[in-house]
Each structure stands twice: as structure tokens, then as C-alpha cells.
Amino acid sequence: MNDVVRYLTSLAQALAQMSLYAEGHPARDRAASVSFDLLRVMLESDPRPTFSFLGAEVVYANRPLRDLQGWDWARRLSSAGVQRMEFERSVSREEYRAFLDGLVVRLGAQVTRELVLDARTPVGGTEAIRYGAVGVRGNEPVAEGSDDGDYESYDLSEEAETVQWVHDEVTTRNDLPLAEAETVVHTLATAMHAGQRVLLPLLTLKEFDQYTTTHALNVSVLSMALAEYLGLSGREVRQYGMTGLLHDLGKVKVPLDVLRKPGKLSPDELALMRRHPADGARMILEHDHRLDLCAVVAFEHHIMIDGGGYPTRQRRCDCHHASMLVHVCDVFDALRTNRPYRVAWETQDILQYIGQRIGTEFEPTITAAFLDMMQTHELRAAHADVIDGAFAVD
């Protein structure tokens with residue numbers, strides 16, 4: 001058992017003891033002291049450990065903890081509004097004890113419903129300890145009980161960094177880190193439901209070189225939101241989120257000078273670009289045949305319902321429901337993004353364009369739901385500090 005797992009085990013034991021015994025009981029003090037000592041051990045090798053609890057999944061930094069897969073305390077903390085914890089090396093024993101007391105209150109409130117935990121004021125703690133819901137504004141904590149409940153932006157830097165790393169692993173090692181990709185999808189799904197309404201935290205492109213990562217995250221968010229809006233099950237919603245995250249994976253095989261070209265592509269360059277759906281599908285299936293839906297969407301996401309688009313087919317046949325759903329999300333995010341050869345479109349202009357192409361490019365039922373959803377759900381700006389070194393051209 002490594003130091004990280006030892007610490008989290010001690011945290012669960014401390015919370016259990018503190019929930020069971022009254023204030024002042026030696027068992028509470030002993031459990032809290034043991035947990036703090038193990039935290040200090042962990043801080044010796046990692047000066048700023050960060051944990052995310054996404055359902056029953058535990059993520060340390062950007063990697064899932066296999067030893068704690070299905071850990072019940074992850075689900076309990078997440079349900080109580082504690083989906084992320086972050087520690088600084090300067091944390092004191094007194095600060096840590098106050099942190100544990102706060103978690104006990106939250107966990108008790110989650111069970112008894114005596115306290116309403118507002119997801120719009122998600123962060124508690126001190127400068128040395130931050131904890132709360134995924135999707136907090138920037139890196140600045142919002143104090144418990146604050147009236148400043150609305151997010152101005154979501155910080156998806158960790159998620160963007162993970163997506164960039166996934167792309168790098170595919171490029172350099174021909175490996176697709178599925179667990180890390182699934183963690184990103186879980187995090188995005190949690191961020192979508194951080195408020196009273198379903199929110200769409202979409203990254204706004206600040207540098208052209210951010211496009212590959214930004215687009216993957218945005219299409220994943222939009223695909224999950226639309227799948228949920230259409231009434232699909234939670235499992236299907238996450239599946240569609242994964243297809244959105246991986247739909248453009250084949251572009252890792254496109255040379256950077258082609259990806260970055262600001263002007264019109266030559267016929268040879270265009271042919272190279274249009275290979276990315278087949279390349280993406282092939283790479284996904286080579287990694288894991290259970291990702292067949294992701295492979296299908298990667299192959300079909302540029303095909304229109306009237307048979308246009310690419311890859312071209314010998315005969316017309318219907319695309320998968322997920323492919324048609326991801327297609328409309330893909331087009332929406334592409335048009336709302338600044339490119340070297342054009343400025344971003346306004347949202348209403350994009351929606352009008354999509355509406356005009358119902359029945360030719362876009363499937364009617366899915367697209368009508370998308371247009372309705374965009375009038376219902378709230379768009380929120382998100383930002384990330386990661387630059388991935390490439391932008392994509394449709």
C-alpha cells in the first residue's frame with residue numbers, strides 16, 4: 001500500500017470515528033492525529049496533492065487510483081459536495097482538524113438533510129486546504145456561505161492537460177489510456193450538474209494551438225448534454241461523452257504543418273485530412289474492441305444524412321444515432337471557435353445555420369432537440385492553461 005492509499009484510508013477511518021464518537025472522545029483525536037501524520041508523509045513526496053472523487057472513482061492528480069476503485073468513501077464524499085480536495089505543504093495540525101470537522105458536518109448533512117449544501121458555493125477550507133465541487137472558478141476558493149454563487153468561468157486545466165497527455169500517448173506510444181479518458185468524461189459530467197440547472201461549461205479558444213484539446217472537451221460536454229436531453233440512460237450519456245472526446249483522435253496522424261495551415265488546403269492536403277475518420281476508428285479498435293461505438297463515431301462523424309461529407313460511401317446507409325448526435329455538436333463547436341482563416345460565428349447564427357440544414361446534413365429529431373436544448377441550457381465560459389501545439393482544420 002503506497003503513501004497515497006494509506007492517507008486516504010486514514011481519512012476514511014478518521015471520518016468514521018469522528019462521526020461515531022462525541023467531541024472530546026479520545027478516539028476522535030487519535031484518528032485525526034493518525035490521518036494528519038500520514039498526510040505529512042505524503043506531502044514529503046508531493047507538496048501539493050490533489051484528489052478528485054467522481055462517483056466511486058478516485059483520481060489522484062490526473063490518474064485513477066486502481067487500488068481504490070469502487071471505494072465507497074469516494075461516493076459518499078462526492079454525494080456530499082466534496083468532489084475535489086487539494087492540500088499545501090504548509091497545512092497545520094489545527095487546520096487539518098478543522099477540515100475534518102467540516103467534512104463530518106457535510107457528510108452528516110448529506111444523510112440527515114438538516115443542512116442544504118449549495119453546489120454554487122462549493123469550496124471550503126483555508127489557504128492550505130481547498131475542497132469542494134469540481135468546476136470551481138479559476139483557482140480561487142469561494143468561501144462557505146458566500147453570496148457569490150455564480151461561476152464566471154470554469155477551470156478545466158487539469159482535464160485539458162489529461163486530454164493532451166492522452167493524445168501524446170497515442171502519438172508516441174500507440175497507446176490509448178482509456179481510464180484517464182473515462183475520468184475526464186466523469187469530471188465533465190459532474191461539472192455540467194454543479195448548479196441548479198444543467199450548465200454547459202465550454203472552453204473558449206484563446207490560442208489557435210489549443211484547438212485540438214479544446215474541441216475534444218467541448219464536443220464531449222455537448223454530446224453528453226444532448227444525450228441526456230434526449231432521455232438516454234446515465235450509462236449511455238457517458239458512452240456518448242466518450243465518443244465526443246475521441247471523435248477526432250485520427251488527427252494525431254495528420255502532420256502539424258497541415259493542421260496549422262491557415263489558408264485553403266491543397267487537394268493532397270485535403271485528402272490527407274479526410275483520412276482522419278478512418279485512422280481514428282482504426283486506432284480505437286486496435287486498442288480495445290469494446291470501444292466499437294467510439295470507433296463507429298470516429299469514422300462517421302463527418303457524414304451527412306443525405307450521403308454527403310466524408311468518408312464517401314458506395315451506397316447510402318444510415319449512420320449510428322451517436323454519430324449523428326456528435327456530428328451536430330461537432331459542427332456547433334467548430335463554428336463558434338476562432339480559426340486562422342475566419343472569426344467565430346455568433347451562437348444564434350450557428351443555430352440558424354444548423355436549423356436550415358435539417359434533413360440534408362443533420363438528422364431532424366436529434367437536431368430539433370439540440371436547438372431546443374441550446375435555448376434551455378446555460379452556456380458558461382471555461383478556460384484552461386494547457387497549450388497542445390496543434391489546431392485542427394475541418
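Analyst: Start with the rule. Rings of Phe, Tyr and Trp pair if their centres lie within 6.5 Å. This is a predicted model. By that rule, the count comes to 12 aromatic pairs.

User: What describes a pair of aromatic rings?

Analyst: A pair is described by the distance of the centres and the angle of the planes. Planes over 60 degrees apart count as edge-to-face. Take Phe87 and Phe99: their ring centres are 5.5 Å apart and their planes are at 90°, so the pair is edge-to-face.

User: Which parts of the chain does the pair link?

Analyst: Distant ones. Phe87 sits in strand 4 (residues 84–87) and Phe99 in helix 4 (residues 93–112), 12 residues apart.

User: Are Phe87 and Phe99 buried or exposed?

Analyst: Phe87 is buried, and Phe99 is too. Now look at Trp345 and Tyr353. With centres 5.4 Å apart and planes at 85°, this pair is edge-to-face. Trp345 is partly exposed, at 35% relative accessibility. Tyr353 is also partly exposed, at 25%.

User: Which residues do ring pairs link into a cluster?

Analyst: Tyr7, Phe36, Phe51, Tyr60, Phe87, Tyr96, Phe99 and Tyr131.

User: Which residue lies over the face of Trp73?

Analyst: Arg76 does, at 4.0 Å from the ring centre.

User: How many disulfides does the structure hold?

Analyst: First, the idea. A disulfide is a covalent bond between the sulfur atoms of two cysteines. The structure holds zero disulfides. For burial, the cut-off is under 20% relative accessible area. Cys294 has 5% relative accessibility, so it counts as buried. Cys329 is buried as well, at 0%.

How values were computed: Residues are numbered from 1 along each chain as its sequence is written. This is a predicted model: local features need pLDDT of at least 70, side-chain atom pairs count only at pLDDT 80 or more; totals for chains, interfaces and linings use all residues. Side-chain values use heavy atoms; hydrogens and water are left out. Rings of Phe, Tyr and Trp (its six-membered ring) pair if their centres lie within 6.5 Å; planes under 30 degrees apart count as stacked, over 60 as edge-to-face and the rest as tilted. Helices (H or I, at least four residues) and strands (E, at least two) are DSSP runs, numbered from the N terminus. Buried means under 20% relative accessible area, exposed over 50%, partly exposed in between (1.4 Å probe, protein chains only). A charge sits over a ring if NZ of Lys or CZ of Arg is within 6 Å of the ring centre and within 35 degrees of the ring normal. A disulfide is a pair of cysteine sulfur atoms within 2.5 Å.
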